[in-house]
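Please consult the sequence and coordinates alongside each reply.

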Amino acid sequence: MRITRNALQALAASLAAALLALPARGDDQRVVDALNAPARSIADSSKSWKPVFDAFIAMTPAPAVDGGLAAANVWQGMKEWESVKAWAAANQGLGAALRKAEASVAFALPYGRGSVPAGYADKRIFVGIGDGLDVLTADPAYLGAIGTIDAWVVAEMYRLAEEGKFDESFGLGLACMRFLRQVADQHLVAEKAAAMRALCDMASVQRDVLQTYLEKVPAEVLRKYAGAGYAMLKPADGERLRRIALPEGDRVLAEALIAQVFDQAGQPDGDRFVQSMAAMQAGREPLGSFGAVRRWKEIALVHGSLDATRIRLASIYDDWWRRWRARDYDTLLDNPTVISKTNPMRYALVLGVSSDLEGLFPRRQWLNAELNGTALAFGVAAYYRGAGSWPLGIDVTYGVSVAKRTDCDPWDRQLGRWLYELLAAPRSIDTGYGQLQVAGAVIYARGVDGQDGLAKAASVDGLTGDFVAWPALRAVSRGAVAK
């Protein structure tokens, strides 16, 4: 079931009206109820959070790993591999939960520490919401558990691949990615950003495993995941992830705070306004440049009214929503944002409570590249495993192992295809892992600058140089080739 934007907007407005009727502090439970309302129409049996986190809580402790246990750090050549592999093998309940969860309608973890079962708090599985003037202080603590789950999945993928169980290995990876795609539908910016980053990391790991075991994976397994797997994590997402919704839970929190810092006449309440703004100044930019408490008292005298403040907040979110719906490189995206045009004195509170969503746009493009690049890599590798040689171009795999719609460069202003080259001789690529020598087929996108750099320099997110989906550069840097 899709949670609509209009539903969250209506909830934010009704919440603000309810909070205005309160004589003093805001009611944390009202905020929690508003955030949880959209998921109430989804049956508990169709939500994935509880079975997955129940399995997580039942796991044995994770082994200590130099540099921390993270998905991108786990591989079969790591120093602690034997202990990590044993941990993966001992916790099969998590794999079963993830495979079941991939068919769920939504993740839908409820907001509020008291909204989850007893014992979850000890494992930091909750989304805490602040109270009163601290209502903006949301704590999506469960994201730490998501990181451990992802690391276990990668360990289990490599363990299964070592045993030659490639279908099971990639199937588990896909199940985890579908679970993470559900997490990406949560309502807070911090949750969505973390879930999208986790999806990027997990997609890159799929290519690492493929690179490592390329000469052993059957072509039919690769075709299976190239065509109907990584390219389509959720029905109707499409190659550009159109169905990932813009997060508006932060707007609910903002409405709750705004309702508390204006008096009955709709003007800033001096003490409460100053208290809330001074608290935000301590940890949020660019508000820190405005000065100390005395300065906030001056701003309170010229700040817009309650109605003007709420209208400005709505226009900021409407602007982001229109941009989010636009196709990549629509001319709308080149226009100044409403936030950039907002008067920092008259709407200081609005700037303080507005989540700047601009950072989600490049992350969505990066995620598009990871998912489509992974599908293309698997499709080209399937051709290689079946024919014994790399294809002359990606187009020869259309309809056989690759869905043509995935061959779309997310950074190309003309919405063109990915770039492909069959190297006649090894080539050096400057990467974040150092200078690497690659050979055979190279699949790459243009990167943020929109220029074809001939895959001579690459970064993991396309911010500098090109984005190379194949070969899997991290696996190449490790010399990870299964014998």
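This is a predicted model: local features need pLDDT of at least 70, side-chain atom pairs count only at pLDDT 80 or more; totals for chains, interfaces and linings use all residues.

Me: How many residues of helix H15 are buried?
Reply: Helix H15 covers residues 360–387, which gives 28 residues. The helix is mostly covered. The number of buried residues in H15 is 22 of 28.

Me: What distance does H15 reach from its first C-alpha to its last?
Reply: At 1.5 Å a residue, the expected span for H15 is 40 Å. The computed reach is close to that expectation. From first C-alpha to last, H15 reaches 40 Å.

Me: Which residue follows H15?
Reply: The residue after H15 has a positive phi, near 85°. That residue is Gly388.

Me: Is Leu376 buried or exposed?
Reply: Leu376 lies in helix H15. Its relative accessibility is 0%. Because buried means under 20% relative accessible area, Leu376 counts as buried.

Me: How many Å apart in space are Leu376 and Ile443, C-alpha to C-alpha?
Reply: Leu376 touches several residues beyond four places away in sequence, among them Trp418 and Ile443. In sequence, Leu376 and Ile443 are 67 residues apart. Their C-alpha to C-alpha separation in space is 7.9 Å.

Me: How many disulfides does the structure hold?
Reply: Cys176 is buried, with a relative accessible area of 0%, and Cys408 is buried at 12%. A disulfide would require a pair of cysteine sulfur atoms within 2.5 Å. The number of disulfides in the structure is zero.

Definitions and conventions
Residues are numbered from 1 along each chain as its sequence is written. Side-chain values use heavy atoms; hydrogens and water are left out. Helices (H or I, at least four residues) and strands (E, at least two) are DSSP runs, numbered from the N terminus. The expected span of a helix is 1.5 Å times one less than its number of residues. Buried means under 20% relative accessible area, exposed over 50%, partly exposed in between (1.4 Å probe, protein chains only). Contact means heavy atoms within 4.5 Å.
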